[in-house]
Structure formats: structure tokens, C-alpha cells
Amino acid sequence: MRGLGYYCRLMGVFVKYSLMSALEYRANFIAGMTVEMGWMIIKLLYVAIIYKAGTSIGILTPDHILLFVGTYIFMTGIFMLYFGNFNALPGMIQQGELDLYIVKPVSLQFLVTMRRLEFAYMLPNLVAGTVMIVTGWRLAGLPADPFFVAGFLFFLVCGCLLSYSLFLLPYLLAFWIVSLGGIVDIANAMWDFNNMPSMIYGKWGRRIGTYVLPIFVITNFPGLFLMGELGLGACLWGAGAPVLFFIISRRLWKMALKKYSSASS
Amino acid sequence: MSSYRCVFLMGVEQALEYRVSFFLSMLSAVFPIIIQTAMWNYLYAHSDAAGVFGYEQGQILLYTLLATIVSQLVGAGFEGEMNRDVKMGGLNKYLIRPVDYKWYQFFRFLGQKIPRLMVAVPVMAVIVGVAFWQGLPLSAGRVLGFLGSLILGMALNFSIFYCLGLLGFWLTDADKLFGTVGIVLMVASGGVFPLDIFGGLVETVVNILPFGYTTQFPVNIINGRFGWERIGMGFGFQLGWILVFACLGRHMWRQGIKRYAAVGG
């Protein structure tokens, strides 16, 4: 079992090679950024509508909503950084390509899900998300002392771990079934529920999205913490859910790997 | 003509090849509808949204439900294959056969729409029926107008994306460009939100450009937003833009085929 330092260094190597690849195919890099900016237009339309209506959603003013959607766009950027690896997983299983990685002396899950990083997809989201978060934070007059900044960043990190663990689960079905297309479409469409703060989905929608399939924990909790709207129980769930789902995804990965038959290689 | 009938039937078969994936991908379209319905319901319940956006609540909800379906019906998706035909030499086989490449793509496009139509038409009939029961002012003229504009919308979208696909003669790698343009056109066509809710310059531009006549125009006929004068004018725009893109496509094909090197195939 390798230590954390080893995996950090390995991650550094992945970052280096992904950046070299991005710089080698610059036109491809720019084209990737424009695709992502296209998707961003759709997310920004939601904010534009809220500002045009000029109404609050519960306790959230349009400025708060700008912060929430900014957090969603920021988290989309982080997710898109490694999403391509999830997408490639079914193909690797069907064509037996996993054989090449299974013999390496590192965690197979880490290697397969982090080996290629798409900076072109991450960059526009990260920039736009950061601008929207900072603007929304300032306009809404939310506290910016070290405690709140640290709390906000803590829940962002928790959201990163949760989105990785939660959205890896549907792709693991590829070890059992051949065509994942529709299932993956549905899973990805669920990510878009974060286009709007959880408060518009009603009491039961909010509960399901927070405690059963905790997609709202990913992008709503950082903003709710800043507003002082997260109770102790919610704070604990915000910190515990990522760990819980990471353990589930890890167990399922190990279970799924036993089904791998190395076909076609 | 019999060869085009075969191409049409081949399109139907291709669309039904992965049936589970086909139905699940149609099901994934439900999620954006849920998000938008929740948002509109909230905004109309808590603000003067009808005054701000110019749509009654029933009209905007009907728009949300139907625009997603109409957007799927008029959607293209063959431009990537056209690009590959040009790049890999696949076009050769069409050049030596007694078929016109444009009509080949058109009839296959129509054939691929049949399974979607078989699902979409009953769903749309139920939605419109419920809306009528809830007080939507519906007439046989509007239904016919909707169906006519839908057919012209499909033809217009085909013409636009056919021209886009022909860019493969001039560009080395157009795949990501297609991705970006596809997303931008989906927004510009009103496939996400009706863009005339933003009023002013946006509405004027949307009324002049061709894209809104593929999705926004048909839906605004059936939801009762457009009067007959506006409908007549819209049909004129649809036919005019189809003519423009048909001429443009013809010109691009003639110029492009002169550059075609017939590599591979």
C-alpha cells in the first residue's frame, strides 16, 4: 500500500502530462474550451432569468443565487477535469484495456479515474465560477472573515469528493452490463439539478436530494454555510456524506473488479 | 425514388438499433423539464412573472414541456458523419452511386425521426389535451399550424446542419466546432428557454435569425402566444430561411467537391 505522498506525486505527473498534451494540440484545447463555454451559457440563462424576475427564492436573493450557481459552475469545472476517465471506463472494460493498468503497482481506481485530465473543460468553468462566487458573495454582503472562508472551502472540498464518489457509481455498472448510454445520460442529467438552489424543489425534493442522492450537498452546502443556514446536523452530514459515499464507491469498485473477465484483450 | 425509400427505412432501423438506450435517452430529457417547471412555478407564485416575461403561467409551462420534445424532433446529429465522410473518403461511395448525397442524408434523417415521432406525438397530444382541459384556447387551425411549422422546422434545421456538415471540406477537425455550434444553436432556437422573455433587442434578433423558427416558433403557435398575423409572418420566415440555406448548401457543395481529394474510402 503506497502512501499519500506517493499518490500526490503521481497526480503531479498526471497533471504535467495532461498539460503537455493540451499544449501540444492547442486548437483542440481551444475548441474544448468553446464547447464548455457553450454549456455555460445555458447555466447563465437561469441566473439571467432570476435577475430579470428580481424575486427571492425563500431566503435567497438573486445575489445569493448568483453565488449558488457560481458554486455549481465551479464544481462542474472540477468534475469535468476527470470526467473523461469515467466516460472511457466502459470502453476499457469491453475491450480488455484494463489489463494494461491492472498490473501496475498502484491503486487501479486512482490510475483509471485520474490518468487523463481535461484542463480545457475545467478552465472556463473555474474562471466563471470564481467570478460569480466572489461577485455574489460581495453583493449579498456575506461575511468574509477567515472562519467563513475556511468553512466555505471545506465544503467545496467535501463536494469534490462527493461528486467523484457519487457519479462514479453508475459507471461501475459497466462491469455487469454492456450498454450504459441511457443510464449515464440520466445520471448526468441529475447533475443539472444543481442549476437552481435546492429550495425550489419543495420539501421532499430537497430531502431526497440532500440525504438519499446527496447531489444538493455538492453545490448548496458551501453557500448555505456562508449564510449561517447549516445546522450542526447538516454540517455533520456535509462532512460525513462524502466519506460515506467514497467508502461505498470503493467497496463497489472492488466488488465490480471481481467481475472483470479481461475479455477481448 | 425507391433507393431513397430504402435509405428512409434504413434510418428507421438505425434509430431502433439500441432501443433501451433510445428510451432512456428520451427519459433523460425529463430532468431539465422538472428543473424548469419547478423554477417557473416558484417565480409565477412569488412575483409578477407574467408581466416581466410576457408569458402567462400556462403558456410558459406548456412551452417548457413541448420545447424539449420539439427540440429532440428537429435535432440533427448527422453533421459529424458528413465530416468523417469527407475526411476519411467515405464520400466516394456516394459519388459513384446514382444518389444525391443531400437527399441521402435527408431521407436517413427523416427515417431516424420516425421512432421519436411515434413516442413524441402521443406524449404531445396528452400534454396539449391536458392544457386544453385546463383552459388553453386551442383550435384546429392552431394544431395544423403547429404541425406544419414543425415539419418546416425539421426541414430548416436539416438545411442549417447540412451546411454546417459541409464545412468539413474546409476545416481539418470540425468535430468540436460542431459541439459548440450545436449547443449555441440549441439555446438560440429556444430549446432551453424562450428567448423572447428577455424582450428588446434579444427578441428582435431572435425574430430575424433562423434558429428560433425551428423550435420556439412552432411551440408558440400551439401555446397561443402568437396571433395569426405573427404566425403567417413566421411561416414566411421559415420558408425564406429554408430557401437561403438550400442555396447556400448547394453553393458550398459545388465549391467543396472541387477541393475534395477522395483520400481513403
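In chain B, residues 24 or more positions apart account for 82% of the contacts with a separation of 6 or more; two residues are in contact if their C-beta atoms, placed from the backbone, lie within 7 Å. This is a predicted model, in which local features need pLDDT of at least 70 and side-chain atom pairs count only at pLDDT 80 or more, while totals for chains, interfaces and linings use all residues. Residues are numbered from 1 along each chain as its sequence is written, and chains are lettered from A and ligands numbered from 1 in the order in which they are written.

**Confidence**

- The model scores ipTM 0.82 and pTM 0.86.
- Chain B has a mean pLDDT of 88, and 97% of its residues reach 70 or more; pLDDT is the predictor's confidence in each residue, from 0 to 100.

**Chain B as a whole**

- You will find 13 helices and 0 strands in chain B. Helices (H or I, at least four residues) and strands (E, at least two) are DSSP runs, numbered from the N terminus.
- With a radius of gyration of 20 Å, close to the 18 Å that the globule rule gives for 265 residues, chain B is as compact as a globular protein of that length. The radius is taken over C-alpha atoms, and the rule is 2.2 Å times the number of residues to the power 0.38.
- Along the principal axes, the C-alpha atoms of chain B fill a box of roughly 60 × 40 × 35 Å.
- Buried residues make up 39% of the 265 residues in chain B. A residue is buried if 20 or more other C-beta atoms lie within 10 Å of its own, with C-beta atoms placed from the backbone.

**Where the chains meet**

- Across the interface, 30 residues of chain A are in contact with 29 residues of chain B.
- On the chain A side, α2 (26–53) and α8 (181–191) each supply at least two residues, and α2(A) gives the most, with 13 residues.
- That side of chain A has 17 nonpolar, 10 polar and 3 charged residues. Ala, Val, Leu, Ile, Met, Phe, Trp, Tyr, Cys and Pro count as nonpolar, Asp, Glu, Lys and Arg as charged, and the others, Gly among them, as polar.

**A helix to look at: α3 of chain A**

- Helix α3(A) covers residues 62–94 and reaches 47 Å from its first C-alpha to its last, close to the 48 Å expected at 1.5 Å a residue; the expected span is 1.5 Å times one less than the number of residues.
- At Tyr82(A), α3(A) bends by about 45°, the angle between axes fitted to the seven residues ending there and the seven starting there.
- α3(A) is mostly covered, with 24 of its 33 residues buried.
- Gly96(A), whose phi is positive, near 75°, follows α3(A).

Notes: A residue is buried if 20 or more other C-beta atoms lie within 10 Å of its own, exposed if 12 or fewer, and partly exposed in between; C-beta atoms are placed from the backbone.
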